[in-house]
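Let's take a friendly walk through this fold, one region at a time. Keep the structure open beside you as you read.

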Amino acid sequence: MTGFVCALLAGFLLAVPSSRKVPNRFLAVFLLLTAIELSVWLWGSSALSSGWFGGVWLAFGRLQMPAFFFFFISSCYLDFRLKWYDALHLIPFCLTLFFTFVGGPFAAPFTAGTIASTISAHILYYCYMAAIVVILWQFRRRFRLHYAGGRSELLIWLTQFAAVSVFAHTLILLRESFSGALPVGVFIGLQMFGALLALAITTWIALKSLLQPELFRDVDRRLLSVEPKTRFADDATLERVLKTVENDKPYLDPELTLAALSHQLALTPRELSELLNGSAGAHFFDFINRYRVEHAKALLLKEPKQSILQTLYESGFNSKSSFNTAFKKHTGLTPSAFRAKA
């Protein structure tokens with residue numbers, strides 16, 4: 001059942017009209033490879049001891065994590081393209097095939113010679129998952145830097161997917177590690193639990209495709225580029241934004257949000273955020289805090305007897321800590337030191 005669901009999902013991902021063809025293809029390949037791995041249940045483990053058949057089966061297994069890895073990175077970055085050096089991910093697959101047909105530890109998969117192969121497969125899995133965690137962390141950091149409001153449903157889905165994968169694989173690793181010390185009934189029970197867990201995961205992915213089809217059909221409007229964009233051509237729009245901010249002083253509102261300012265400027269939040277990041281060189285809150293700090297500097301000089309607390313509130317800040325942090329970031333001094341120096 002799990003293999004069937006994997007194959008069905010793979011077919012859906014390959015056939016569905018989508019702007020996200022690259023990540024969909026990588027996920028489809030991963031699911032097909034998972035179905036191939038699970039197919040051993042159909043003909044039994046004895047078929048794998050036939051030498052070349054078991055070696056080829058193991059070789060296909062070595063392609064799972066590269067496909068999984070490329071699914072994540074192509075999902076996070078809109079302009080991801082395979083490079084020539086990405087072929088290095090095929091090395092475990094090629095080595096397994098090589099030793100299968102020339103003789104070696106993979107020629108007879110269920111002998112003592114495959115212990116190293118099994119250990120290396122687990123190490124490879126966790127290395128790839130560590131790389132995936134780094135990709136998600138970098139995506140989250142850049143997302144929060146570039147977009148002041150909202151959240152990425154794509155990031156939530158990918159994080160959940162990675163966490164479920166690690167959980168399932170760790171259970172498999174523990175089962176294999178203690179299989180010799182477990183009673184037969186317990187071992188069979190763990191095998192059944194593993195099979196049900198695999199079915200639950202694939203069913204969960206299928207439900208995701210039904211309940212949140214945009215994750216598989218559409219490009220996330222907040223997707224980032226592999227190489228950050230540093231320049232935008234629409235200088236007229238930037239000039240209009242700067243003039244509006246300077247004249248209307250929306251930054252004096254401590255509750256100002258990206259959505260509110262973009263609505264005032266007749267832009268979408270995405271357009272405004274990209275414009276600020278690309279042309280103004282700052283994310284939304286940093287951009288607004290520049291104006292707030294300049295306003296506070298003027299007040300500190302104009303009203304030397306006014307309290308710091310009153311100054312920060314009149315400048316659009318809502319806490320002393322955020323005011324001090326932003327002020328020191330933009331001037332190199334605390335508000336008190338700036339007033340004393342002036």
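The side chain of Ser315 reaches the backbone oxygen of Thr311, at 2.8 Å. Bear in mind that this is a predicted model. Ser315 sits in the loop that runs between helix H15 (308-314) and helix H16 (320-331). Its relative accessible area is 0%, under the 20% cut-off, so Ser315 counts as buried. Leaving aside residues up to four places away in sequence, Ser315 touches Tyr251, Leu252, Arg292, His295, Ala296 and Leu299.

Now to the nonpolar cores. In soluble globular proteins, nonpolar side chains tend to be buried together.

| Core | Size | Residues include |
|---|---|---|
| Largest nonpolar core | 42 residues | Phe72 and Trp157, with the most contacts inside it |
| Second, separate core | 18 residues | Leu256, Leu276, Phe287 and Ile288 |

Beyond residues up to four places away in sequence, Phe72 touches Ile132, Leu136, Leu158, Phe161 and Ala162.

How do H8 and H9 pack? Their axes are 10 Å apart, at an angle of about 170°. That angle is over 145 degrees, so H8 and H9 are roughly antiparallel to each other. The crossing of H8 and H9 is left-handed. Residues of H8 that meet H9 include Trp157, Phe161 and Arg175, and those on the H9 side include Phe187, Trp204 and Lys208.

Conventions. Residues numbered from 1 in each chain as written. Predicted model: local features only at pLDDT ≥ 70, side-chain atom pairs only at ≥ 80, totals over all residues. Heavy atoms only, no water. Helix = DSSP H or I, 4+ residues; strand = E, 2+ residues; numbered from the N terminus. Buried < 20%, exposed > 50% of the residue type's maximum accessible area, 1.4 Å probe, protein only. Polar contact = N/O pair within 3.5 Å; in protein donor to acceptor, adjacent residues only side chain to side chain. Contact = heavy atoms within 4.5 Å. Core = buried A, V, L, I, M, F, W, Y, C linked by side-chain atoms within 4.5 Å. Axes fitted to C-alpha atoms, helices over the stretch in contact; angles between N-to-C directions. Parallel < 35°, antiparallel > 145°, perpendicular 65-115°, else oblique. Left-handed = near helix turned anticlockwise from the far one by under 90°.
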